[in-house]
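Please look over the sequence and the structure first.

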Amino acid sequence: MKRAIFAFVFLTIVVASPPFYIQWTESQRLNRIQEMKQQARQIFGEPLEKILSELKKIEPPSAVILYTGNTKSHLEPCGCYQEQSGGLSRRAYAIEQIRQCGFPTFVVDAGNIFDGQDKIDMQRCQTNIKALAEMGYLAVALSPTDFTYDDNYLIQQKDPAMFPFLSPSEMQKDFTEPYVTKQAGQHTIAFVAGNVPKQAASEADVIVALGNPKELKHIDVVILSDEVEATKTETNTLYVGSISEGKTLGLLALWIDASGNLTDHHAAHIALTGEVGESELIRQLLTDFYQNTVKENAIHSVPLFADQELEKQNNEYISAKTCKSCHEQEYLQWSTTRHAFAYQTLLKKERYFDPNCVSCHTTGYGYDTGYQIGDQDSTLQGVQCETCHGPGKQHAGNPKKTNIRSGKDTSLCLQCHDATHSPGFAKVVKLHTKDVDHSREPMNLEELLASRIERLGKPTLELFVMSYCRFGIQAEENIIPIVKKFGDKIDFKLRFIAKEKDTVSRQDITPFTSLHGYPEVAENIRQLLIAREYPEQYLDYILCRGKKLNKSWEGCAKKLGIDVEKIQRLFDTPEAEQLFRENIKRSTELGIKASPTILVDNHKFPTNQLLRASGTPCQ
């Protein structure tokens, strides 16, 4: 008996151990990747909420100076990873939050603000200047490097500004000022560039130099465009520095006594990470720049892998859809990876016209048959098979190992996943190879949504169904618990598949037609009305209704506390008809006819793949 029990326990362990071991090793792999990347992704500055909390606790300062420097008109980070800091729209939001504290607040820039000589650089700088004007900048100092551009260039940048450009006396121009003064309560603060003019010294209680002055006489504070720790000199002059490319917003709180002497200070840098909100006005300004200026001036960069043999042969790109005909398992595994969604990242980050971003988020960009900027219907969006394996026309026509790449050379990965866009990736690239192992089972819906949430925040899940379709109802039964689990972390949209009749006669009950007739149209409309009027109950109504299609809808409605008479009244209104018309517009535009159909961030997936379910679609 003991031997039998021992044998049973032993066999149980043998059978159960491999799955647990696989899960453990996978967890270790992912943890190692995350750990190495976090170590490489340095966050600059302190959280905005922490700064605001500290300001509310301390004695009110006489003035708060918010400052930037060495930005080179950097508009915002590319958005390749969540910890990236910076961005004009976040900066504007932080400035507004500080201003709401009620202290006298002045916003300035310490120089190194202009960058580039091309037409698109000039327009980028103008966009930057417009944004600073909207933020209420008091002044911008011009550094020696800013003066390497000719006067006409600088004057053009001055036009959209609503603040003065400051410059040292020895570099004065007709379009610059030596200093500017502002009142902070009973005190006068002068902001100068270079040495202090006599008039500024006589007018001001506190003098702040923007840039690096040759002399410290009369200067209380120096704000450098370079990155330095806050320090005081032997002559009691306070130095603070800037972090380049606008990654942070510098904050300097000053306390001034009745005699006009600087008695204390508090210096910090506000981290402009994704946790900081955005100014809608500045966000729109950037959107206009990307959609108009960048699109018009897109310049082709050197294409990826130009030194590789397949690319040198002037081979042609054919897209992953062609590869699928012979490599379906590989295609399905790839279709749920981040590579497949890479172009959607550009859409969300508004970088889909930027060649520097497009080259790594599409396939074959820069080659004649590769992705072309502005082609919204291109089949080469995303990082597809041919990015790793090379252009595939020759291989599709005559499949051989010699006319395709194996994809095992990880050095190719590092051309996009470099230190700037993927810090720490080089150290874990071998661990990442498992993510592109095509022998792995494709993600299911829950895994895919979790992956999208981790990477980009809030994915969109669209389910296209006919309410009387049995396979569609099965899909709803599988999907709704997942929707409830993720809650507002995802954007779930229920879409119906139906058509509007070209002509409507007096005998027609409805202007719409659906596969299962008028009862299905009516149920579709009711579900839309319930979703609008009873958002907390509508998912449960759908689950209940799917089990009782042969009975009255009123039973499920009453069970869930839905006012039946209210829904009936709304059902007979033109408003309900328009609600349904707008809902089915999406399926019509996309040409979706099969119920169920699932889209995640505009990617269509086989229902049986994502839900591990089987059935016959209604179409």
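## Basis

This is a predicted model, in which local features need pLDDT of at least 70 and side-chain atom pairs count only at pLDDT 80 or more, while totals for chains, interfaces and linings use all residues. Residues are numbered from 1 along each chain as its sequence is written, and side-chain values use heavy atoms, without hydrogens and water.

## Disulfides overall

The structure holds three disulfides (pairs of cysteine sulfur atoms within 2.5 Å). With bonded cysteines counted along the chain, their pattern is 1-2, 3-6, 4-5.

## C360 and C416

C360 is joined to C416 by a disulfide with an S to S distance of 2.0 Å. This disulfide is left-handed because the torsion about the S-S bond of C360 and C416 is about -90°. Both cysteines are buried (under 20% relative accessible area, with a 1.4 Å probe and protein chains only).

## C469 and C618

The sulfur atoms of C469 and C618 lie 2.2 Å apart in a disulfide. Their link is right-handed, with 90° about the S-S bond. C469 and C618 are both buried.

## C544 and C556

A disulfide also joins C544 to C556, S to S 2.1 Å. The link of C544 and C556 is left-handed, at -80° about the S-S bond. C544 counts as buried at 11% relative accessibility, and C556 counts as buried at 1%.

## Cysteines without a bond

The closest cysteine sulfur to that of C80 is in C78, at 3.2 Å, which is too far for a bond. C385 is in no disulfide, and its nearest cysteine sulfur, that of C323, is 4.0 Å away.

Notes
Buried < 20%, exposed > 50% of the residue type's maximum accessible area, 1.4 Å probe, protein only.
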